[in-house]
Amino acid sequence: MPMSTTVGSRDLVSSARWPVPEERRTVSVLFADIVGSTGLTERLDPEDVRALQRVYFDTVAGVLRRWNGVVEKYIGDAVMALFGAHASDGFDAYRAVRAGLEIQQAVDRRTPAGVRLRVRVGVATGEVLVDLGATRDGGHGTASGAVITTAARLQEYAPPGAVVVCAATRRATAGLLEQRPLASMTVAGKALPLDVWRVTGTSRTRPAPHRGPLVGRRRELATAGDEITRAVRDRRPRWISLAGPAGSGRSRLLHELARAVSTVDGTLVRWCVAHCPPYAQGGLAPLADMVRGFAGVRDGDLPATVRRRLAAALDGLLPPAARGPAAYALAELVAAPEDSGAADRGADAWRLVLLELAAGQPVVVAVDDLDRAAPAMNRFLHRLFAAATERRLPLAVVATHGSGWADLVPGAGDRRRRVPLPPLGTVDTGRLLRHLLGGAGRPAALARDLLPLVGGNPAVAAAYVRALDEDGGAPAGPVPDPVRRIVDPRLDRLDGDHRAVLMAGAALGARFAAGAVERLLGWAPGRAGPVLRGLVASGLLRRPAR
């Protein structure tokens, strides 16, 4: 797979602490600046100016730390921060924008009485050269690249109190944030105007639509379905984990599972599904979506309408004395999942509702991307599972998460089943590529060129096919942004030796031998071989066909 990382001279890459001091990385750059600061300083006493500046800089720095941003420099009243400069979690752009939104709110809350402080924020995403050793707060000159200038220009273009983003940031946060287009922006030195969007807030996560046939996952689907059937027939709750790396099709498999196990022995199965967004606002926020689905609550429903829908859904399920308090607690959860008190009360009520539902019919509680959720979500599921076990209810918990996440379920014993999602085989990957290419109106013969790039990952396959249309490029073109967001976190978890070998391989070309890596890195003979074998075993490198 093409790499974005560069290797310098042998003297640079032979460092014992880290293989290279600099790296090409895709990062998100945030610029924040005070609107009309010159007028403020002219109007206020110098001591008041200093107090205001301290509040502003302390507030901004605190928000950036919470969202794992690194302050690169201060320029007057402007702050520049990097997200993903040293390590990526695949949501660097999202964290940058969320930090920008929080800066606006936090500055409003902490501004002294009588002073109106407005801030502009711009966020741009792109490639930079990063000084890895300097990626810490105050590390001036940490990064270099055109995206830094773009972020600064976006900040200047932003309306007061707004967060404005570029097209790359918008694509990286699609489906996670509410965004509306602004007029295109002209930047000196750029041939074409830049498309610009204003972010107005976060959006409720909705699953992406699943189209086309399920390819290569029939065995996993059957295994998970059998586990649910056993839970229903034996009236002994079971915990099923669908585990695989990002892009392996966990969400798609969960979708197909809900379709395949809609009934057991002629009895309707009730599915209650939640999707965990990254960095949810409130540890139990996914439960609020479950409650919405249960009661048919729609976006924009007034509080009175929400309570009415909840009361109707609970009618006949709970005793009259419990119905009112439960409806009130659930309405609180739906309205303010970030409020810990309301969330805890709502979770207790929702657990009671799920147990009563399972007393009358089989229930599957499914949580997509559980590894993104806060510990409170895990505790909720464990308590639900324990209570259903004690009452011998026909209930199953289905969770999707990454391969490295430990799905520890106290007391589950042999009633826990982990269903791994390995990479698709060559035949299934080819079938998937041909289907995707056909849907995009591209020749099926391109599947042969894309096959070595995909690595059996369905999301990577879809990204490469989309890139053919979006960029009008060939299979050997740049790595698509969605693929970078999948791969970069895996690369950042590697130790120094493994990372150095990948960097050397990227410099050497598509095919290289251990000896060439050792010569480039200045290593002793035999050192690269075990590292290469480990990278092959992890799926990050592939041996060429003989």
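The second largest cavity is lined by I34, S37, L40, T41, V49, L52, Q53, D77 and L117. Two helices, α2 (37–43) and α3 (46–66), each give two or more residues to that lining; helices here are DSSP runs of H or I, at least four residues long, numbered from the N terminus. By class, the cavity lining has 5 nonpolar, 3 polar and 1 charged residues (Asp, Glu, Lys and Arg count as charged, Ala, Val, Leu, Ile, Met, Phe, Trp, Tyr, Cys and Pro as nonpolar, the others, Gly among them, as polar).

Keep in mind that this is a predicted model, where local features need pLDDT of at least 70, side-chain atom pairs count only at pLDDT 80 or more, and totals for chains, interfaces and linings use all residues. Residues are numbered from 1 along each chain as its sequence is written, and side-chain values use heavy atoms, without hydrogens and water.

How big is that cavity? Its volume is about 80 Å³, the space filled by probe spheres set on grid points joined across faces, edges and corners. On a 1 Å grid over the protein atoms alone, a cavity is where a 1.4 Å probe fits but cannot get out, while a pocket is an open set with protein on both sides within 12 Å along at least five of seven lines; lining residues have an atom within 4 Å of a point.

Now for the second largest pocket, with about 420 Å³ of space. Of its 19 lining residues, T202, R204, Q281, A285 and P337 are the closest to the centre. Helix α9 gives the most to this pocket's lining, with 4 residues.
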